[in-house]
Amino acid sequence: MLTLLKGGKIVDPTRKLSSVVGDIYMRDGWIVDGPKPGERIDEEINITGRIVMAGAIDMHTHIGGGKVNIARNMLPEDHRFDPVHRAGLCRSGCGHAAPSTLTTGYRYAAMGYTAGFEPAMLPVNARQAHLEMGDTPIIDKGAYVMLGSDDFLLRLMREGASQERINDYVGFTIASSQALGLKVVNPGGISDFKFNRRKLDLDEEHSHYHVTARQIVHTLARALHELKVPHPLHIHASNLGVPGNFQTTLDTITGAEGFPIHLTHIQFHSYGTEGDRKFSSEAAKIAEAINNNPHVSADVGQIMFGQTVTCSGDNMTQHRNAGFGNPKKSVIMDIECDAGCGVVPFKYKDKNFVNALQWAIGLEVFLRVEDPWRIFLTTDHPNGAPFTSYPHLIRLLMDKSFRNEALARINPDAAALSTLGSIDREYTLDEIAIMTRAAPAKILGLKDCGHLAPGARADVVVYQEDSDPEKMFTAPEYVFKNGTLVAHSGEIVAVTWGDVHVVKPQFDRSIEKPLGDYFDRHLTQKLGNFKISDDEIRDITNGGGLRVHACERDGRTV
Amino acid sequence: MATATLTDVACPFCGLGCDDLTLDVSGETLAASGGACVRAKLAFQKIASTPADAPHSWVEGKPVSLDQAMARVMDLIAPSKAPLFGGLATDVLGMRGLMELADRTGALLDHMNSEAKLRNLRSVQDAGWITTTLSEVRNRADVIVCFGTDVSARFPRFFERCVWVEEPMFLKDSEHRQVIIIGQPKDLAGATSPKGRVPEVISLSPDRLAEAAALMRGLVAGSLPPQIQTDLPLEALKSVAERLKQAHYGVIVWAAADLDWSHADLTVQALTGMVGTLNITTRCSGLPLGGSDGDFSSDAVMLWQTGYPFRTSLASGTGHYDPVMHSTQRVLHEDEADLLLWVAGLDPDRTQVPNTQSASGKHCPMIALTSAGAPLIQEAMVQITVATPAVDTHGYFFRADKIVSLPLRKAIQRSYPTVAEFAHRVMAGLGEKAC
Ligand code: SF4
Ligand SMILES: [Zn+2]
């Protein structure tokens, strides 16, 4: 089946096409050059005047795994206001802060997103994460598996194990949990919380293992580099939310010593201690550091005002912040000598000084980081806000006067402290296309996603141009997933099941011997049952496939 | 005769989800060994011992073919306006199938263990809690308080796997752990240390436990009046509170099913509130054990697919959660369901079925899906033997701490439909239906 999208304005940053009028051909799920000699075009859609882009990719969104289900369990009151009825091809569900998996898939697709990546999959909870993602229709999925507070790694580090041995363990964990990348969350801190530690700085020693967060970050960043995993270490740095934590963030960058790293929800890590309330923006310093370090990338974790729920592996921080919960309830867990989690509902208010400044800090980071290839559009769904707020966020970035109107409504003290109003930058359509598709595909190593060149997956989105970007990005006219028209002007017209993206790094399988022994002696599960096979993934994804990406990477960046 | 030995097999016959079993398959017999407890051995054996050619579908108690049974199922489901899916003892794949059918038919979903689960759930939805998982208990817990729960009776291998282990990572040894039981367990064998140290028991009858929990919470918080009047063993409870404060990692264990009195959710809140206070200065966690009868497995699927836990109705075309109005017993009693699909697809000894007779004397017709080895259910219009995960089919099972889910393997070959296949067959029979 050959489909022609005729005459659209192609925005494809990977090929440096900036609203260039042209045709796009899709055959059997892939983008192709054009008809073979004598081949008939089965379907032609005239998209003259429309913008066409690759499907958007959310590189950091909590869509699967235990903490999201805990959030669902805790918040029936939040779901009640966003019921989703069974209609047309779509099953029922619910939306808002922690939406049902089904609704998540439909809503992402209707918004022009064709892939979303769960950033905090605990190794022992990986099966659940895949089961939930498997029940998330249409979009492609994948996950970054979490290490850094697991006792096996900390034991290896304490024993002074070689980097090679650690690489084997990292490789094993990625492969056996079917992950695309690796994340570290409050390095060492989740573990030390179990020893009653309440705060762990980058250079403080873990009270039991005597390793530092800096060492953990460096070791894991190096492991990924040596395993040639495309996505660099995904770091939720120490001291999240703590005023003055910008210094920790800057030190984390230095601590990686040139190994590529990705700093996640950087907004929560860009705080200073200036001013009467000892809470201020250091977005400028953080942006400068990103600008000056080409091996560093970040996603923002923008907050938006309203009700949401924060789901994090960082139980140390979540326990500290539980008192700010709104509604006031929280679930905090220590998990399996492996990790932890904390779920705290939150209501960000524009009249609240701290929240208003958080909002401004996020936008400042967006606007001050110069290279759109290294800064990603996220709200850390649902931690900063549900993903459905992306079109609004895009407008804030593209429309200065709209932004300044919003700035005028927030807490005046926060507005006065922020330099946001003085920033003139407006994101261009090309830059939005970079940060929402081309760049995420590049940084995750998804060679056949995020662009529209022949050979790419036919994940294609057609937008009706509009002077209001929020309107434009809310409900694109056509969304194709693997060549199938799945959404039309906000309505789901076909329900497909996306693929799971993984990497399979090379490692020495002999690591399974000490690991198996460790599982038998200390854990409550067998290593064989911990591992998730390819067949299992195929079994639980409702017919979606498994896409393995190559582990290859250029040399050390600096 | 096919023979095989499967190792590292996961067991779904209580929430503990032990995965170190060995299964010897020989024709149609299945012998569990390795770590298997008596309950597991009996369950595997009982399910497997039904000959493949024995009757496995019944209409009004008479053996029929599966096709005949399905024809009757369709007669009942197709006109149903208010189906109730109860029991829900199944695994993740079974529940996925049932959820599709529930969405399609506008069913109300409630699990056989909901009443107990709600004691925890109400507490979570109101205040939240701090909890832990099996391996953390195994390696860290220095003071373990079993509250009102006969842990060994519900989770036979709990102490063996989580307490009396050879090398806890963060304790000198297991022998020095303190185990304190508040309540009246049947026997203390499991809770007794390998060297014979019997646990401390504060013997209280169930009707005193709510009070005891509240008192302990107050003792830990230091919020009680100095001259408190109580006939509870105050000094003993004080000592427990003190030891929890001194502990590095205390754990409060309970199974909500054992807290069987009205408003027991407040008892759970007293316990979790106490844990919250303890965490101001030290570490302490709750371990609300559950997961038996697949209750965490099917609940997890409901949660991620609808956003709501059990006792959610899809009758209006979207999820409507009501923990009181949507109880199986109430709905049947008030004649609010016109069909009960009862799913008891794991432990064949879980034979209790709800009373299908309403207050006005009407009987709600019942379709029952049961494991091989389960007895015939008198009230069932149709009964179909379904493939049991871990015996006849593979599957996925969430264990007691809700975090670890285990792959269940197929051990023997019989022709029973899986719960998901049953659901898909019904949906195919219903055909296209506009929403
Ligand atoms: S304790 Fe429970 S899970 Fe373990 S073998 Fe016995 S019945 Fe199975
Ligand atoms: Zn996140």
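# Reading a structure, feature by feature

Tutor: Let us start with one residue: Pro382(A) is placed in the loop between β20 and α13 of chain A. Keep in mind throughout that this is a predicted model.

Student: Which residue is joined to Pro382(A) by a cis peptide bond?

Tutor: The general idea comes first: most peptide bonds are trans. Here the bond between His381(A) and Pro382(A) is cis, with omega at about -5 degrees. Another cis peptide bond links Asn326(A) to Pro327(A), and its omega is about -5 degrees. Pro327(A) belongs to the loop between α11 (315-321) and β18 (330-335) of chain A.

Student: Next, the metal. Which residues are the protein donors of the zinc ion (ligand 2)?

Tutor: As background, ideal angles at a metal are 109.5 degrees for four tetrahedral donors, and 90 or 180 degrees for six octahedral ones. In this model the protein donors are His60(A) and His62(A), each through NE2, and Asp380(A) through OD. They lie 2.0 to 2.1 Å from the zinc ion. Water is not among the atoms, so the site may look incomplete.

Student: How are the donor residues spaced in sequence?

Tutor: The spacing is H-x1-H-x317-D. His60(A) lies in the loop between β6 (56-58) and α1 (66-74) of chain A, and Asp380(A) lies in the loop between β20 (375-376) and α13 (390-398) of chain A, so this pair ties together parts that are 320 residues apart in sequence.

Student: Are His60(A) and Asp380(A) buried or exposed?

Tutor: Both His60(A) and Asp380(A) are buried.

Student: Now salt bridges. How many salt bridges does the rule count over all chains?

Tutor: The idea is that side chains of opposite charge can pair when their charged atoms come close. Over all chains the count comes to 66 salt bridges. One of them is between Arg197(A) and Asp192(A), whose closest N and O atoms are 2.9 Å apart. Asp192(A) counts as buried because its relative accessibility is 0%.

Student: Where in chain B do Arg157(B) and Asp20(B) lie?

Tutor: They are joined by a salt bridge of 2.8 Å, N to O. Arg157(B) is in the loop between α6 (151-154) and α7 (158-162) of chain B, while Asp20(B) is in the loop between β1 (3-9) and β2 (21-26) of chain B, so the pair ties together parts that are 137 residues apart in sequence. Arg157(B) is buried, with a relative accessible area of 5%, whereas Asp20(B) is partly exposed at 23%.

Student: How many residues apart are Glu242(B) and Lys245(B)?

Tutor: Glu242(B) and Lys245(B) are 3 residues apart in helix α9 of chain B, which means they are separated by about one helical turn. Their side chains meet in a salt bridge at 3.9 Å, N to O. Both count as partly exposed: Glu242(B) has 39% relative accessibility and Lys245(B) has 31%. Elsewhere, salt bridges that share partners join several residues into one network, among them Asp140(A), Lys481(A) and Arg547(A).

Student: On to the interface. What is the area buried between chain B and chain A?

Tutor: The size of an interface is often given as the accessible area lost when the parts come together. Between chain B and chain A that area is about 5600 Å², and carbon and sulfur atoms give 47% of it. The contact takes 64 residues from chain B and 63 residues from chain A.

Student: How many salt bridges does the rule find across this interface of chain B and chain A?

Tutor: It finds 7 salt bridges, including one between Arg91(A) and Asp103(B) at 3.8 Å, N to O. The rule also finds 52 residue pairs in polar contact across the interface. On the side of chain B that touches chain A, helix α3 (residues 92-105) of chain B gives the most, with 7 residues. By class, that side has 28 nonpolar, 19 polar and 17 charged residues.

Student: Last, backbone angles. What is the phi of Leu88(B)?

Tutor: Most residues other than glycine have a negative phi. Leu88(B) is not a glycine, yet its phi is positive, about 55 degrees. Leu88(B) is in strand β6 (residues 83-89) of chain B and is buried at 0% relative accessibility. Ser489(A) also has a positive phi, near 50 degrees. Ser489(A) lies in the loop between β23 (484-488) and β24 (491-492) of chain A, and at 45% relative accessibility it is partly exposed.

Notes: Residues are numbered from 1 along each chain as its sequence is written. Chains are lettered from A and ligands numbered from 1 in the order in which they are written. This is a predicted model: local features need pLDDT of at least 70, side-chain atom pairs count only at pLDDT 80 or more; totals for chains, interfaces and linings use all residues. Side-chain values use heavy atoms; hydrogens and water are left out. Donors are N, O and S atoms within 2.8 Å of the metal (3.2 Å for Na, K and Ca); water is not among the atoms, so sites may look incomplete. Helices (H or I, at least four residues) and strands (E, at least two) are DSSP runs, numbered from the N terminus. Buried means under 20% relative accessible area, exposed over 50%, partly exposed in between (1.4 Å probe, protein chains only). Contact means heavy atoms within 4.5 Å. Buried area is the accessible area (1.4 Å probe) that two parts lose on being put together, summed over both. A salt bridge is a side-chain nitrogen of Lys or Arg within 4 Å of a carboxyl oxygen of Asp or Glu. A polar contact is a pair of N or O atoms within 3.5 Å; within protein, one must be able to donate a hydrogen and the other to accept it, and residues adjacent in sequence count only if both atoms are side-chain atoms. Ala, Val, Leu, Ile, Met, Phe, Trp, Tyr, Cys and Pro count as nonpolar, Asp, Glu, Lys and Arg as charged, and the others, Gly among them, as polar.
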